[in-house]
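Subject: Structure handover

Hello,

My notes on it follow below.

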Amino acid sequence: MLSRSLKLTAAVPLAGPMLPCICRRSLAHVANLEDIPTARDIQKPIARRPMLTLKVFKEDDKPFSVPIAEDSFDTYHLDPPPYLVETTKRELKQLYRDMSLIRRMELAADGLYKDRKIRGFCHLSTGQEAVAVGIEHALTKHDKLITAYRSHGFTLMRGGTVKSIIGELLGRRDGISYGKGGSMHMFCESFFGGNGIVGASVPLGTGIAFAQQYNDANNVTINLYGDGAANQGQVFESFNMAKLWNLPVIFGCENNKYGMGTSVERASAMTEYYKRGQFIPGLRINGMDVLAVLSAVRYGKKFAQAGNGPLVYEYLTYRYAGHSMSDPGIAYRSREELKEQRANDPISSLKQRLIEWGVFSEEDAKSIDKEVRSKVNDEVAEAEKMPEPDTKPDILFEDIYIGSQNASFSKQIAEIQDLLQKSGLKYQMTATGTAVGLFTQVGPGRSCLAVSRVIGYAHTLIHQEGIPRIQTDIRMTTRTDKEQPMEGSMLSVERMLAT
Ligand SMILES: Cc1ncc(C[n+]2csc(CCOP(=O)(O)OP(=O)(O)O)c2C)c(N)n1
Ligand SMILES: [Mg+2]
């Protein structure tokens, strides 16, 4: 039903609002590197950072420029972003505070997990703060962002609060996803998660950029993924469509050097992820320097807004913690490596520069740290006081999109239950609004007819009512009283479900 109605509406607007988008598409540069407007001949020397006499103003909001290191970028068919970053005292202090806030919040989550108050998945981003913060400061709330599952920092930057994020991790009703999403599934305005399936968010982000182009919104989508996703086919399919249609998207590989415990060298035949767009210009950025990230994303946003199409960015960064809380993070990397990376810490390196430049003093930095610590402590305490969700089945159905079927869903479930009861089968069934889990046993000599009727009904649900997933575990008790999965019958079940 769902797919049928989608087909109909998609056909209608072609002649209307679709038009500007089609016109723009015809401007796209198709697989021809010479045609990229700002493409740079790779042989030409890269413009280096000009010399600067740093002038920091007393006033908080008076703009001035600060330098970033010459090795901040590597380019691929693209001129580098500015090595002088225009900013203000207020912004520099805010960059420092934002990174410190993410760090503190992550450390608090670490503690709550170890106290067994947070259960399940929990992926921390300590070490990677400069990426989330640098990106956010180059955007407005009209720009969109989507990332993978290491998402706490991005959620905070996009508008979440410490309280709502920690509340979510604790599974509380007032968490940012009402306690139903946990670490990997957090969302807020202009932030599309928080996605647990590696690589799957990249095509989604491409669709978001398509929507921006379609709606003539002069904004950009930041489409992030990990090095562990970078070799997936859907990533390259997304690159192709984005270039073909000239979409305003900055793909960004957060290269923290490991996908779980596998180093990039063991996973990728070519680890220069910024060149992986082939026909899309690319940029490798020192992702441990928030100012380099800021400069790069501001530049990329202008590039996309000028109608030049996508970019492929690579943020070189490092995660201090293990992949998730169950990984101590030391089996596949040495303590020396960790120590070396920590010496390059994004927060302390910014602090040092801000002190050197006279933006703030050591004392000012300490008082920011103190304020951040007490803010996180207060908000964690508030989150811990948030109510648990009621244990009512209705709560399962709230906030879950199941098309227009919400009202009839419980009726359908009741019908399946009725069928099962009549069949005399022992069964267990769980239903969540988007999926039905069915566990049943078939005894010897009993006909499989009842099971196939149930599966037939499930099949109808999938195709006509938009229920995307039916999970079955049907076991047969054999004559020797051993229980075994109904493998033979499973085949026909799968066939039925596939049709
Ligand atoms: C499609 C899919 N395959 C496998 C997994 C299991 N998995 C979870 S995280 C991960 C590694 C991803 O590494 P990376 O993209 O580098 O992200 P990072 O953890 O470094 O932030 C894998 C393989 C998954 N979630 N989805
Ligand atoms: Mg990684």
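Predicted model: local features only at pLDDT ≥ 70, side-chain atom pairs only at ≥ 80, totals over all residues.

Overall figures

The chain has 499 residues, and buried ones make up 40% of them. Take the contacts in the chain with a separation of 6 or more: 73% come from residues 24 or more positions apart.

The sheet

Six strands form an open sheet with mixed pairing. Their order is β2-β9-β10-β6-β5-β4. On average, neighbouring strands are turned by 20° against each other, direction ignored. Helix α7 (residues 201–214) packs on this sheet. It touches β4, β5 (221–226) and β6 (249–255). The direction of α7 makes about 175° with that of β5.

Strand β10

What joins β10 (residues 311–316) to β9 (residues 282–286)? Five bridges do, and the two strands run parallel. Leu283 stands opposite Tyr313, and Arg284 has Glu314 as its bridge partner. β6 also runs parallel to β10, joined to it by six bridges. There, Gly252 has Tyr313 as its bridge partner.

Is β10 enclosed or open? Six of its six residues are buried, so the strand is largely enclosed by the rest of the structure. Both faces are covered. Leu311, Tyr313 and Tyr315 are buried on one side. Val312, Glu314 and Leu316 are buried on the other.

The core

In soluble globular proteins, nonpolar side chains tend to be buried together. Here the largest nonpolar core has 93 residues. Val293 and Tyr313 have the most contacts inside that core. Leaving aside residues up to four places away in sequence, Val293 touches Ala130, Val131, Gly134, Ile135, Ile285, Gly287 and Tyr315.

The ligand shell

Ligand 1 is surrounded by 15 residues. The closest are Arg150, Val198, Gly226, Gly228 and Gly259. By class, the shell has six nonpolar, seven polar and two charged residues.

Most residues other than glycine have a negative phi. Two residues to check in your viewer are His77 and Asn246. Phi of His77 is near 50°. His77 sits in the loop between β2 and β3 (84–87). Asn246 has a phi of about 60°. The loop that holds Asn246 lies between α8 (233–244) and β6.

Are these two buried or exposed? The cut-off for buried is 20 or more other C-beta atoms within 10 Å. His77 has 20 such neighbours, so it counts as buried. Asn246 has 22, so it counts as buried too.

One spot on helix α3

Leu107 lies in helix α3 (residues 89–114). Why does Leu107 count as partly exposed? Because it has 15 C-beta neighbours inside 10 Å, and partly exposed covers the range between the exposed limit of 12 or fewer and the buried limit of 20 or more. Thr126 is 19 residues from Leu107 along the chain, and their C-alpha atoms are separated by 8.0 Å.

Best wishes

How values were computed:
Residues numbered from 1 in each chain as written. Chains lettered and ligands numbered in written order. Near = placed C-beta within 6 Å. Nonpolar A, V, L, I, M, F, W, Y, C, P; charged D, E, K, R; others polar. Pairing = 2+ DSSP bridges. Helix = DSSP H or I, 4+ residues; strand = E, 2+ residues; numbered from the N terminus. Axes fitted to C-alpha atoms, helices over the stretch in contact; angles between N-to-C directions. Contact = placed C-beta atoms within 7 Å. Core = buried A, V, L, I, M, F, W, Y, C linked by C-beta atoms within 7 Å.
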